[in-house]
Amino acid sequence: MPSSSPPPTRMPRRFLWLALAVFLGLAALLMTPTLGDMGGDSAQYMSLAESLAEGGGYRDTHLPGRPVHAHFPPGLPLMLLPVVGIFGAQAWLAVKILLLIVAAAGLVVAFLYLEKRFGSWVALGSLALTMTSGSFLTTVVRIQSEMPYLLMGFLSLLLLENQRPRLALLASWLAFSFRLMGVASLLAWAMHGSVRSPQKSGALAPQADSPHGRRQAWSRRAVRQGLALLPLLLFWAYGWLWARGTWGYGQELLHATGGITGLPLHLAEGLGIQLLHLGRSIGDGVWASRWPWLQGVLVALILLGLARRLRGGLQAGESFFLLSLGLAVLAPRPLERYLVPLLPLAAAYALESLRALPELWLRLRPTTPRPSVRGWRHPGTILLLLLLAGHAEALILLYTVRRTSTVVGPPPLLAQEIPPVSVNHWEEGWIFGSPRRVKQIQRAYADFLMTLELCRTRLPENAVLIAAKPRLVSYLTSRPCLGLPAGEVDGARALIQLGATHLIVDGLFSSTRTALPGGGDRLGLEPIATVRSSACFLLAGAPE
């Protein structure tokens, strides 16, 4: 629905294109020729695209039997399909370039939407805060679904603002196809896009006001809302009927919370964590890390700006923001990247909140003439410059670590078998802290990656691995991989009964330490591939 705000003053477009050029340069400097992160989602997106390219269908290729996949909607694997089909299954750089183009388009669309709602300069300031945020830039260079969701979510909002509800519905469908959080876009359309403007014809007005006319209007709106939510219902039915692979989000959430009784505490903790994530993202600098109370101040500014907008009525943008935030809070793990597509709106709310200062001044001093502060002395400009200064300090540190060559070589006995690892090509290598601690962590990550390379070259084709990061391990070893049980493992036989033949001990992740407090040695296993802190064990009784 169109905003009730006064028409904003248009800004010269050269500032938008200059900002976009700066963003492309910043993101390009962070790109690496490797997969880039060890979270597992990137590996699974690439595996799904590879399965589609090979004609194997939408399947969990990392699991034995290749069951049908129903965790991620198929939008991103389908978008990656042409790139993987042309350049191969490990075309990481080509895929990242494609996602960078999508991110740039998303920022342009977000700017156009914010310009209509908040005015040109608030839109440009929000764009500057978003594109210089370390959280945003590191997400841009991941092979993940946040950037397509950013593009389609804001495109739906822009089309609704321009009163194009049918095209907005298509954009919302596409937002959902890229990310399950697209439910927020679908619900926002159902709340706002399914409402048609009243008939202008006076002859039709009595019919619309009659009981029969009201019933017809209600039924038509219900049909349109049902149509908006149809992709969600179809995906749920597809997963319920056919998927037997990766857990759905509902199963994952109940597992993380210990059941329905743990949901209230999970929601309360998730809300606090995600709100602080929002504040830290737009104030993404060393200052916010040094003084955590600053995150709380920025969160208060975001909420104040949001409340100021809500005073004029609930609009599609506010619905989209609140619903997306709610879904991020409900997620099994409150990860910061879930909120990255909301950063343009969050930054706009923070800058918008400072427009309330003159109103507050007038309430406190009603006889005082209204202050007129413009240019660089305006509170919004001062806040923007301070935040950008903090971003610059953090980016200098980030790029220094990223561009510093950190190569970890294999042990001397394995020097001819596996290559060294450039840890700064992986996001997990961009860590800060004491030099000694950073060096230990980087070496542990490199050891894990080198162990996976040994598994790829040494293990038989019919091997079935079990590890804490099954999707990543399977993708880098070309072997199926099961996930470690949640609790402590009761002997090697328990792993063999799951169908595993080899155990990966990474020396890194807390879930591995929980399942195997003493590592593979505690189970009485002999390693068949070891790289310092990481190892691969043959499970007793499994064929070599």
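Tutor: Helices (H or I, at least four residues) and strands (E, at least two) are DSSP runs, numbered from the N terminus. On that basis the protein chain has 25 helices and 7 strands. The model is predicted: local features need pLDDT of at least 70, side-chain atom pairs count only at pLDDT 80 or more, and totals for chains, interfaces and linings use all residues. Residues are numbered from 1 along each chain as its sequence is written, and side-chain values use heavy atoms, with hydrogens and water left out.

The mean pLDDT (the predictor's confidence in each residue, from 0 to 100) is 84 for the protein chain, and 85% of its residues reach 70 or more. Over residues 1–7 the pLDDT is below 50, yet this stretch has 16 contacts (heavy atoms within 4.5 Å) beyond near neighbours in sequence. Residues 198–206 also have pLDDT below 50, with 1 contact of that kind in the model.

The part to examine is a nonpolar surface patch of about 310 Å², made by M191, L310, L314 and L322. Patches join residues with over 30% relative accessible area and no salt bridge, like charges within 9 Å and nonpolar side chains (Val, Leu, Ile, Met, Phe, Trp, Tyr) within 5 Å; a salt bridge is a side-chain nitrogen of Lys or Arg within 4 Å of a carboxyl oxygen of Asp or Glu. Areas follow the Shrake-Rupley method with a 1.4 Å probe, and for residues only the protein chains shown count as cover.

M191 counts as partly exposed because its relative accessibility is 36%, between the limits for buried (under 20%) and exposed (over 50%), taken with a 1.4 Å probe and protein chains only. Q315 lies 124 residues from M191 in sequence, but the two are 9.1 Å apart in space, C-alpha to C-alpha. Q315 sits in the loop between α16 (293–310) and α17 (316–330). Its relative accessible area is 13%, so Q315 is buried.

Of its 544 residues, 51% count as buried. Helix α18 (residues 343–353) is mostly covered, with 11 of its 11 residues buried, including Y349 and E352. Among contacts with a separation of 6 or more, 74% join residues 24 or more positions apart.
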